[in-house]
Amino acid sequence: MAETRVRQALPADVRQMHRLIEPYVNRRILLGKELVNLFEAIQEFVVAEVDGKVVGCGALHVMWEDLGEIRTIAVDEGVLGHGVGKTIYMALEERAKQLGLSRLFCLTFEVEFFSSRGFEAVAEEVVDRDTYYELLRSTDGGIAEFLDLAAVKQNTLGNTRMIKQLD
């Protein structure tokens, strides 16, 4: 396989990103994303290209001054096992460091993938009380997942909450 190049996602990439994400949504691995939501969040996404073709995507969503969430890593099934997901993840982690974040959160079925990158499963709250109450003000579903709020919980998929302390 040719070299994988990761770059900032552009609005012109959204429809291809949506096509990459949909098979994972259909298998209940990822939560669905409407096209409008992808357009609204485009600045959070990177895409991976091989020979000029978009073959993967992923997002970094800032949740708090020190905390970000890795979201929606999806890779074309034709390139699975070739390191595309890892390359996307590494670009997102580097971006988190550039933003000054010290922790990353993810909600995933890919526990082994994230464990091998330093993430650990969490069951308890990982923010202080004041931050918790500030985060409660968010309307973002991912933050509700992070806080493990049963009343608004979208995590009907049964995936694992994980966190990583960055160097």
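Predicted model: local features only at pLDDT ≥ 70, side-chain atom pairs only at ≥ 80, totals over all residues.
Let's start with the strand itself. β2 spans residues 45–50, and six of its six residues are buried. Both faces are covered: Phe45, Val47 and Glu49 point to one side, while Val46, Ala48 and Val50 lie on the other.

β2 has pairing partners in β1 and β3. With β1 it runs antiparallel, joined by five bridges, and within this pairing arginine 5 has glutamate 49 as its bridge partner. With β3 (residues 53–64) the sense is again antiparallel, over six bridges; here valine 47 stands opposite cysteine 57. β2 and β3 make a hairpin with two residues between them, and aspartate 51 in the turn has a positive phi of about 50 degrees.

## Glutamate 49 and its arginines

Glutamate 49 counts as buried because its relative accessibility is 10%, whereas arginine 5, at 46%, counts as partly exposed.

A salt bridge also connects glutamate 49 to arginine 7, at 3.1 Å, N to O. Since arginine 7 lies in β1 and glutamate 49 in β2, the pair ties together parts that are 42 residues apart in sequence. Both of these residues are buried. The network of salt bridges here links Arg5, Arg7, Asp13 and Glu49.

## A link from helix α3 to strand β7

The whole structure holds eight salt bridges. One more to visit is that between glutamate 93 and lysine 164, at 2.7 Å, N to O. Glutamate 93 sits in helix α3 (residues 84–98) and lysine 164 in strand β7 (residues 160–165), so the pair ties together parts 71 residues apart in sequence. Glutamate 93 and lysine 164 are both buried.

## Glutamate 44, buried without a partner

Glutamate 44 is found in the loop between α2 (35–40) and β2. Why does glutamate 44 have no salt bridge? Side chains of opposite charge can pair when their charged atoms come close. For glutamate 44, the nearest side chain of opposite charge is arginine 71, 4.5 Å away, and a salt bridge needs a distance within 4 Å.

Leaving aside residues up to four places away in sequence, glutamate 44 touches Gly58, Ala59, Leu60, His61, Leu92 and Arg95.

Notes
Residues numbered from 1 in each chain as written. Heavy atoms only, no water. Helix = DSSP H or I, 4+ residues; strand = E, 2+ residues; numbered from the N terminus. Buried < 20%, exposed > 50% of the residue type's maximum accessible area, 1.4 Å probe, protein only. Lys, Arg positive; Asp, Glu negative; His and termini not counted. Contact = heavy atoms within 4.5 Å. Pairing = 2+ DSSP bridges.
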